[in-house]
Amino acid sequence: MTTATTHEGDHHDHGPATGLMRWVTTTNHKDIGTLYLWLSFIMLLTGGAMAMVIRAELFQPGLQLVEPQFFNSMTTMHGLIMVFGAIMPAFVGLANWLIPMMIGAPDMALPRMNNWSFWILPFAFTMLASTLFMEGGGPAFGWTFYAPLSTTFAPDSTDFFIFAVHMMGISSVMGAINVIATILNMRAPGMTLMKMPLFVWTWLITAYLLIAVMPVLAGAVTMMLTDRHFGTSFFDAAGGGDPVMFQHVFWFFGHPEVYIMILPAFGIISAIIPTFARKPLFGYSSMVYASASIAILSFMVWAHHMFTVGMPVAGELYFMYATVMISVPTGVKIFNWVTTMWRGSMTFETPMLFAIGFVVMFTIGGFSGLMLGVAPVDTQYHDTYFVVAHFHYVLVTGALYSIIAAFYYWVPKWTGHMYDETLGKIHFWWSTIAVNVLFFPQHFLGLAGMPRRIPDYSVQFSEFNMISSLGGFAFGLAQVFFLYIVIKTIKGGEKATDIVWEGATGLEFEQLASPAPYHSFNTAPEIK
Amino acid sequence: MSAAADSYYVPHGTKWPIIGSIGLSTTVIGFANYLHGSSFIMTGIGLAIVIFMMYGWFGQVVNESMNGMYNAQVDMSFRWGMGWFIFSEVMFFAAFFGALFYARAFSIPWLDGASNNADTAKLLWPNFEAAWPLIQMPLTEKFDVAKHAMGAWGLPAINTLVLLTSGVTVTWAHHALKKNNRNHLVMGLALTVALGFLFVGLQAWEYSHAYNELNLKMSSGIYGSTFYLLTGFHGFHVTMGATMLLIILIRSIKGHFTPENHFAFEAVAWYWHFVDVVWLGLFIFVYWI
């Protein structure tokens, strides 16, 4: 096997190629990370624009701006684009940028496949977005695409949606395989598992979840496809199937998916808080075990999304108890973050503000989740704005806040420039006030019985909806402001030091320059 | 790059992924249009692009491997990659097995009034009786009713033997490779490939029997749905696996692989054992009990 050596050019020590083809053909983890992050930002603004349509229509009772069918398309596409286009690719982009630097690797383990996992996505999302312009309109059955809305009663464009989901699944699975291979195989000597930064740990667990459940989603949409076109009756009671079975298959994917969108966030927060509290993370190993427990539990709680579907009582009880158990490892994490801050020498730079915002508001979302997890109570809250408020607290002020925090925390390492601290703080306070004006009143709307996914509402809900919409517009605008900050930071700014933050730890800060060189570690670093 | 047993090979630039994405998109857009009445041409073109991409991409990896550019660490990345890929395939099949178990354990008894559904069943489907395999559906006239279910002890049992035997022959080939016995390696692989395609042929024969004589179709209710999707996806995977084995056979004849270094062979063997195990699940739960 070691007979010959080839010389495909001298591969070491030269920078990236130039022009568009650099980005199309790149195998560099930093380039691919950047591609993922930009795709994610574009999707955030696209999905955000759809949210603005929703909030504009709900500004007042009655039908003002859009047709109900289009409104339904907006809620559907907003959900799909934010989940699959904004949050997940952002975390994969961060994984690409950070994991090789954090574990002392030269690059991701499978660099060509890394390119493919990214380059499937623009095609998939173009296909998904194009459904809006097709005859019969885009998918309008909600991001959960329950049968028979998505089978018997769906528009023709649904088939493009199905294949878009297949492609996203292929991309996610390849990305996850790459992350696992990188973490398990590419660590520098001495970087034992229990020395890995928590972001690496949480991504390892996330990648496992992705590989376990994305194929199940692919199975679900495949059954949809055959039900629609090939006469099968998986979700048709007339043939012995069951539309409720769709919900089981979907949520078997869907619940772990929720943790796919929050575990990397836990890793980010666990990196930022110790830096700005200037103390090591409290309870590192309990964080690892808590993350793993959350992952295991995530496979056993899916039917709490279906409490009102008519399950046997034994099923409701089991899923209720299992669900509430998740609050134990999650509570461990919140406790550890708070305890890390306890008696720390804290400073409040922008990443820390977003991290603390995360801890506070994710906890609010967690508590409303507990309420929803209690089956008899959920009977009232189910499919109301209370649910909308709950998952936006965990996904916007949770997942999205952690991504924004990660940007501010690591962007000096990526670009070599500090962001503008004043603008960052404005971004935080603007977003945080707006997001609470946006989502907090939705709790009240839901408790009062306003159903989700309906373009019109009864007049007693007017005030809270108007307040919520105003908060929504302000929050949307804040993210356009964020785009300005991002571009400004890339173009220039105060030069960042190598360590960047006084209290920063980890290989990417301690052993790499700012900006990090194109190839991080050609020789493995020493791990103390 | 120097031939580097000591440094991890990071390739620079690749055109294959973007070709793959174009091929994949062409395939699925073409297929979605085909489902709404267009011709199959676009799907065919897309598939051709995907196959071209796989040929080029794998070809490049084979060349790099033959030129000694991969050290032991790269080899390990491939091992993790293949292992987790197979796990993802397991979960894909799990979705369809889940549908099968759900239908058998819950939806069919419930349609017959089990649990708290007695009144609903009486009202909606008074004549329906739960059974498995389900031949008479709740709303029979909407579907193609099969004459009877597919038995286990004819072709399916023979196919089980075929596939299990192929698992033995591929192991024989592996042992031969490790002892550097090229004749036995080629013979074992050739037998495995032959058994693999024999399985696919028998399965096709069984399908024609089911379709024409038993009137068992995808549109025969949940039994036909689970039967065809589970065995169909499995058959597709066997075809892929046998094709991969064929490529490994050709490479073995060309003299590729050494007793120490032959991960491509092992990856395909793992995959082959995976389709074998899935078949055992199918034989037990789809055909037998």
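What we have here is a predicted model, and for chain A the pLDDT averages 95, with 97% of the residues scoring at least 70. The stretch to treat with care is residues 1-13 of chain A, where pLDDT stays under 50, although the model still has 17 contacts beyond four places in sequence for these residues.

Staying with chain A, let me turn to two helices. Packed helices are in general described by the angle between their axes and the distance between those axes. For α3, residues 68-103, and α6, residues 198-229, of chain A, the axes come within 10 Å and cross at roughly 120 degrees. Since angles of 65 to 115 degrees count as roughly perpendicular and those over 145 as roughly antiparallel, α3(A) and α6(A) are therefore oblique to each other, and their crossing is left-handed. As for the residues that meet, α3(A) contributes Ala95(A), Leu98(A), Ile99(A), Met102(A) and Ile103(A), while α6(A) contributes Phe199(A), Val200(A) and Trp203(A).

Moving on to chain B, the division is into domain 1, covering 10-69, and domain 2, covering 70-288, and the C-alpha centres of these two domains of chain B lie 25 Å apart.

The residue I would like to show you is Met150(B), which sits in the loop between α4 (118-124) and α5 (155-178) of chain B. Is Met150(B) buried or exposed? Met150(B) counts as buried because it has 21 C-beta neighbours inside 10 Å, where the cut-off is 20 or more. Beyond four places in sequence, its contacts are Ala210(B), Leu214(B), Leu216(B), Phe227(B) and Tyr287(B). Of these, Phe227(B) is 77 residues from Met150(B) in sequence, yet their C-alpha atoms are 9.1 Å apart in space.

Notes. Residues numbered from 1 in each chain as written. Chains lettered and ligands numbered in written order. Predicted model: local features only at pLDDT ≥ 70, side-chain atom pairs only at ≥ 80, totals over all residues. pLDDT = per-residue confidence, 0-100. Contact = placed C-beta atoms within 7 Å. Domains from an automatic or database assignment. Helix = DSSP H or I, 4+ residues; strand = E, 2+ residues; numbered from the N terminus. Buried ≥ 20, exposed ≤ 12 C-beta atoms within 10 Å, placed from the backbone. Axes fitted to C-alpha atoms, helices over the stretch in contact; angles between N-to-C directions. Parallel < 35°, antiparallel > 145°, perpendicular 65-115°, else oblique. Left-handed = near helix turned anticlockwise from the far one by under 90°.
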